[in-house]
Structure formats: C-alpha cells, structure tokens
Amino acid sequence: MQNKLYYDAIVIGAGHAGIESALALAKTGVKTLVTSITVDNVGYMACNPSIGGTGKGHLVRELDALGGFMGVAADKCATQIRMLNSSKGLAVRSLRAQEDKYKYHAFTKAALERADNLTLRQDEVKSITKDGKDFTVECVTGSVYACRAVVVAAGVYLDSTIICGSSVQKRGPVCFSRSDYLADSLKALGFAMRRFKTGTPARLAGKTIDFSRLEIQNGDSVPYTFSALTKKQPKNTSVCYLGYTNDKTHEIIRAALGDSPRRLGLITGTGARYCPSIEDKIVRFADKPRHTFFLEPEGAGTDEWYIQGISTSLPPRVQREMYRSIVGLENVSVVRDAYAIEYECIDARELFPSLMSKRVEGLFFAGQINGTSGYEEAAAQGMLAGINASAYVRGIEPLVLDRTKSYIGVMADDLVTVGSDEPYRMLTGRAECRLSLRQDNADLRLTELAEKYGTVTPERKRLLDRKKSQIEKCRALSAQVLPAAKVAEIFAAAGEENARAMTVGEALRRPAVTLELFDAHCDAFKDVLPAARLEVYAELRYDSYLRRQDAELKEKSRLEGMRLPADCDYSAVDGLRLEAREKLNAAKPLSIGQASRIPGVTPADVWVLIKCVIGNS
C-alpha cells in the first residue's frame, strides 16, 4: 500500500450534500479533500431542474443563513423564480426557482475548484477504516488517504441500479458510474444497510412539443431571492407549461401495469409516498379523471424538457405511447426515458443530531444516504455535517439545531429520533412551530448561531445587523397613528368601511389589510427594508398565535434541557417497559424531549426518565 496523503477531513461525494459539507469545512480552515466518482456530476441535477418548493424553499433560506452555498448558486443560475402559496399565510410560502442545470453544475464545480483549503479529486472510494484517532480512506485506483473526520455524502450511488421496464443496469443517476464497494465497507463497520427507491421523469425534445396547446406559467416580477448576498433578483428568462393526463393516458398505463418493474419483481426498494410514479397515481387515485404535469426547461443550452409529475419506470414503448396520448405531446420524441433508481442507505437513527455516527466517532453522514429525498434536504444535511465535522476536527462543541428553531432541526431530529421507512421529504406540516419558522426570518434565527463556527462571512453578518436595525425602526413606526381619512382610504381599498384613527399596527392586524395593500395606500414604511417590513407585519398578524405557541414551547424547552447520558444503559433503569428499554437503547436520546418523540416510548416511560434525571441532579 502506498504512502498515505493526509487531510484534516475527507468528503465522499460531490452532489448537493457533498458541496455544502466541503465548502463549510474549507471555509473554517480545515484542510479538506472531496472525492467524486466523476467530477462531471458535481452539483448535477439528475432529477428536476429546480431548487426550492414547498418546505424545501425554507431549507434553502436556512442553509443560506448558516453560510451555505445553495442559495447563492440557485439565484445565479435561475431562469425563472416564483413564490409558491403566495395567496396563503406567510408560514407556508416557499420560493422555487427553475435552474439552468448545466450552468448550475459549472458554477458549483468552479466554487469547489476556487475554494481555499479544498482539493477536488475524481476517484471512487473503496473502503473506510479507523485506527485510533485517524481514518484511512482507500480508493479503487490505489490512492490512500488519512484524515481525522469523514463525511459520507454518497447520494444515491451506493450499489445503485437503474430500472426501466425489464432493463436493470448497474449504474448511478443519468447512467453515471455507481459506487460498487463503499456499501460493503460501511457494512463491515457495523452499519445495517437499507434499499430505497426514487425515480425521475423522461426528458422530451422541445421541438416536438406543441406548446400552444399547453397552459403557460410565468415567473414572478417581484424581487425574491434565496440568498441574502444576492444583490439583484434573478431575471425570468424562461417559462414553464402546465398540462394534464386524460382517460386515454390512464387506459394505456392500466393496460401496461403487468409490465411494470414492481409487478415483475425487479423493484424491491421502498419509494417515496409524496412523489409517486404515474402508475401509482393511477392505481391509488382511480377516481381522478386527470393528473397535472409541468414542462420545465433543462437549461439554455439544450432543447430537453423535464416532465414534472409523470415519473415512471414503465417500458420505453409504453412511455412513448403514454406521452403521445396527452394534448400538446401528440408527436413528442423522448430524448431520455424515465427510470427508477434503487440504492443503499443507512438507518439515520444510527446518528447523533450532529449527524455524526454513534458507532464510529468522527464519521458523519449527509444526504440521501440518510434516507432522504431531494437536493435541498441533502444540501441542508451537508451543511450541518460539514459544520460539525469541522467542529470535531477543531475540538469544539457540535452545532445541534433545535426543531423549534429551524426546519433543518426538524429534519435532523426526525431522522435520528424517529427514522424513516421511505425517502424522507421536507414538508411544512412536519414543523410544529411553522408560524415562527418562516423562510423570511431564517437569518434572524440561525446566522448568529453559525457565526462562532466560522461559516458566516462579515458581509452576511453586516446584512443581518442592518436588517435587525430596520426591524426596530419598523416596530417604532407601527405605533404611528394614522388619521381617520387615511384609515378610510386603506379600508375602502380592502372592501371594508372604517373611518376612525388607529395605529399602523392596528390597521395591519386586520385580516383584510395585506402588507401589499397597505404599502400601496400608505407610505409609513417607505424608507424601511422590505424584509424588515415583512418581519414586523408577521409579528403583528400572528401575535396571538405566536404567544400561544411560545407558552407551549416552554414545557418542551424544559424537557429538551433535561439531558440524558449518551452511554446510558436503559435496560438497567427500573420502571421502564421492555419495549421502551429496547427503543431507548437503540436510539440513545440526548434529552428527555428527544426520548419522548421515540415511537414506543409512552408518557409513563418519559416520567420514569424525568424522575431519574431529577434524582441524579
């Protein structure tokens, strides 16, 4: 074996999780190597050419608040940007952007290449072993490296197979080479592997689509960005299209169900409930006469279009017939067939909330290998794992994000406490505190937390300080009294009558008075940053709900503050039921609050634990 090259940390994989981990480590001064089976897949969007969406947009904003890169890249490479759920409350609004996937790949690869303290290398990792404090990472080429910390961000590449009809290929996404050895190495370290499945729709030739028969979807003209560092809103240079399946489409799919890989026994992995294939939709929602799909451009340099909403692994001949049964696609040509992909992943309950392994100290996991689905979920985990791998190398306490303070915290806690028996997807409904976990206040919640770990630049901190100053100014202005005539004007525009003087705050608390309507008829906030106006508007509008939420959180916070030893043997704790002992020993919760969220642990078991903590204090 050749001499080892030494790094402080090694990141395995250069997808969205690996990029964030590597940049976080490098930014904090940790000498880092990032390996990828091919550097052509750095930041590659193997599935949908977009960033953000419901719940996912929150993750990107939080990632940006922590000093991450995805928001910067998404803004730079966006071709269309829209705010989803804009007609609903602020808590569930999420930003989504169409991306030029090839520009995004080039932009993220260049960021890795330019970064100080970072080396990018094309190689396939064969094994990870640990002797004492150091890891040895061996590659198939014979290259051998040593390091203090490892982040495994292998995406969906571990022993992956691409399945389309009766064809099963030992490949990674988009037919990139797969990882043939790393899963076995993880098994040798004691990790139990699971097999999950996801899928991606076909890519269609734009010149064969009749766009005139589809509904056009334009981007928003208002200034939205993912990153606080972006100076200008991305320009909307592309449009998307909306269409529908029909009875004929469904007939074709039903007739071909016997040829589906699942029926043929070729797919055994567990798929995502929230992103079903079109054949699953037809079976599960048999009463629906049609299903929506979106046509999204892959980028400026290609004629390929992504057909969002029609994921499938049916044989190519069926896919072609199915697509051509749809209005606007009667003569369509399929450039790339849709396919399913199966891959190996770990059970994330093997991890601490820092995403470090409970089994092997200094070994971190991030992304789809933890059983999640989506670029945004992967990137958010990558940032958390990168920050904590850096903290481990530098000998400081890890960053653990509370689920009441961030969506990233919700995701990490769900994964390591409850686990997931299917690819995990972030949804706003997973957060108990979503009224206060809005995408617009991510920086207020997280930037100062990350500052001590070294991922927050002076520019980002300066922007936060300015925003906080503007919020205070806006709060003071909300006490300003509006004359009766101005109040009457505002309420008349809202379709209501009111002609008494009131404060700005009182007016904005009224359900009919939106911030947009108020700004159109009153210049009270004209010199205040839009982000600060939005924060104060949310405080005013949700005041009673937030006070009620805060009262509920006090008890939860008390339980989270009651720490449990990481090495506790729960089989020796009197009063616990047998099931609770088994579940607690498997999960090794760090607090009473975390223990209370483990399935199979009852309130009576929690009370036993509380008495133990009180008795030992």
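Mentor: The accessible surface of the protein chain is about 25,300 Å², and carbon and sulfur atoms hold 50% of that area. Such areas are computed by the Shrake-Rupley method with a 1.4 Å probe. The model is predicted, so local features need pLDDT of at least 70 and side-chain atom pairs count only at pLDDT 80 or more, while totals for chains, interfaces and linings use all residues. Residues are numbered from 1 along each chain as its sequence is written, and side-chain values use heavy atoms, with hydrogens and water left out.

Of the 617 residues in the protein chain, 57% are buried, meaning under 20% relative accessible area with a 1.4 Å probe, protein chains only. Among contacts with a separation of 6 or more, 72% join residues 24 or more positions apart; a contact means heavy atoms within 4.5 Å.

The chain has 20 helices and 24 strands, taken as DSSP runs (helices H or I, at least four residues; strands E, at least two) and numbered from the N terminus. Its radius of gyration is 26 Å, close to the 25 Å from the globule rule for 617 residues, so the chain is as compact as a globular protein of that length. That radius is taken over C-alpha atoms, and the rule is 2.2 Å times the number of residues to the power 0.38.

Now the cavities. On a 1 Å grid over the protein atoms alone, a cavity is a set of points where a 1.4 Å probe fits but cannot get out; a pocket is an open set with protein on both sides within 12 Å along at least five of seven lines, and lining residues have an atom within 4 Å of a point. Points are joined across faces, edges and corners, and a volume is the space filled by probe spheres set on them.

The count is 1 cavity of 30 Å³ or more. The largest cavity has a volume of about 40 Å³, and its lining is H16, I19, E20, F69, M70, Y104, T108 and A379.

Elements giving two or more residues include α2 (56–65) and α16 (530–541), but the largest share, 6 residues, comes from α12.

Definitions and conventions
Buried means under 20% relative accessible area, exposed over 50%, partly exposed in between (1.4 Å probe, protein chains only).
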